[in-house]
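Please open the model in a viewer and keep the sequence panel at hand.

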Amino acid sequence: MGTTAMRRRARTTRRRTLAGAGAATVLLAGVLTGCQSGGSDTEGEHGSHAGPRWNTAPASVAAAGDSITRGFDACSVLADCPEVSWATGNDPAVHSLAARLLGEAEVPARSWNYAVTGARMADLAGQLASAAEHRPDLVTVMVGSNDACRPTASSMTPVAEFRAGFEKALAGLRAASPASQVYVSSVPDLQRLWEQGKDAPMVRQIWKLGICQSMLADPLSVATGATARREQVRARVVEYNEVLREVCAKDALCRYDGGAVFQYPFSAQQLSRWDWFHPGKDGQARLAELAHRQVTAAEPPR
């Protein structure tokens, strides 16, 4: 190789080396800047991946779920009473989640209740589809009690079916209203509710009308079969709550209550005086308080 060619090759090599060093310097500067900045403002609450942040002050609320969110048996026997709903009611004695977030005067105009007494997880997709039409800032979900409260323990909704139903419902909401946040309540501990009312003769007569027979049938029986049946129902509720937690955790705008409702020690005074199973006004107020604490917290429950 001639002298001229050798000089030309050396100049080319130096240019490539300097270009590579420059790129490395830019890359290193970018990494250091990212480390020092503390992360992006769009970082999601479920991890370090970019995504929307949880809004602790939503300006509209839609509710989905079952009899608890409809205020069933809270005002009169075997009747809905949505005005005392923990989620969207306007009764000052309850001070619902919507009232706490929006103010009492704004509840009628900026909240909607699509819960249906008797609803199960299979019904949630339709309810959320209706809620999505309003593009609400927040959607509350409390469902699962009726999947466990069946005529018999063997007819409870299978866990896999429960999971598929929740995934479908949440995916449908996310497609129709991408920015809506979702607050998911855990399923209450049905066995604890049985313990509160089982010793009252009048309550046992009401339970015979068909309320949650998988848990409440033969309420005073201590036979092995009855005890095992109640434990089976409670175990299924625990499994449902784990499904709610797992599915919700995959969505950056979904917040599970961490088991707050399941763990809450409802007293007899907080239950319906008609059936001692559904929350009464006081119980609805406690549910509203729990939800408000979770929704307005800077971080989700651990």
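**First stop: a left-handed link**

The disulfide link of cysteine 75 and cysteine 81 is left-handed, with -65° about the S-S bond. The model on display is predicted, and every value in this tour is computed from it. Select the two sulfur atoms of this pair: cysteine 75 is joined to cysteine 81 with an S to S distance of 1.9 Å. Colouring by accessibility sets the two partners apart. Cysteine 75 is partly exposed, at a relative accessible area of 30%, whereas cysteine 81 has a relative accessible area of 2% and is buried.

**Second stop: the other disulfides**

How many disulfides does the structure hold? There are three. Select cysteine 149 and cysteine 212 next; their sulfur atoms lie 2.0 Å apart in a disulfide. This pair links distant parts of the chain, 63 residues apart. Cysteine 149 is in the loop between H5 and helix H6 (159–176), and cysteine 212 is in the loop between helix H8 (201–207) and helix H9 (213–216). Both cysteine 149 and cysteine 212 are buried. The torsion about their S-S bond is about -80°, so this disulfide is left-handed.

Then move to cysteine 248 and cysteine 254, whose sulfur atoms are 2.0 Å apart in a disulfide. Here the torsion about the S-S bond is about -115°, so the link is again left-handed. Cysteine 248 is buried at a relative accessible area of 1%, and cysteine 254 is buried at 0%. With the bonded cysteines of the protein chain numbered in sequence order, the pairing reads 1-2, 3-4, 5-6.

Return to cysteine 149 and display its surroundings. The largest pocket holds about 280 Å³ of space. It is lined by 19 residues, and those closest to its centre are Ser67, Asn146, Cys149, Ile211 and His278. Helix H5 (145–148) and helix H7 (190–197) are the elements that give two or more residues to this lining. Colour the lining by class: 11 residues are nonpolar, six are polar and two are charged.

Select arginine 234, which is found in helix H10 (residues 224–249). Not counting residues up to four places away in sequence, arginine 234 touches Asp189, Gln191, Met215 and Phe262.

**Last stop: serine 180**

Finally, select serine 180, in the loop between H6 and strand S4 (181–184). At 1% relative accessibility, serine 180 counts as buried. A polar atom of its side chain lies 2.6 Å from the backbone oxygen of proline 136. Which residues is serine 180 in contact with, leaving aside its neighbours within four places in sequence? They are Arg135, Pro136, Asp137, Val139, Arg174 and Leu253.

Definitions and conventions
Residues numbered from 1 in each chain as written. Predicted model: local features only at pLDDT ≥ 70, side-chain atom pairs only at ≥ 80, totals over all residues. Heavy atoms only, no water. 1 Å grid on protein atoms, 1.4 Å probe; cavity = no way out; pocket = protein on both sides within 12 Å on 5 of 7 lines; lining within 4 Å. Points joined across faces, edges and corners; volume = space filled by probe spheres on them. Helix = DSSP H or I, 4+ residues; strand = E, 2+ residues; numbered from the N terminus. Nonpolar A, V, L, I, M, F, W, Y, C, P; charged D, E, K, R; others polar. Contact = heavy atoms within 4.5 Å. Disulfide = S-S within 2.5 Å. Buried < 20%, exposed > 50% of the residue type's maximum accessible area, 1.4 Å probe, protein only. Polar contact = N/O pair within 3.5 Å; in protein donor to acceptor, adjacent residues only side chain to side chain.
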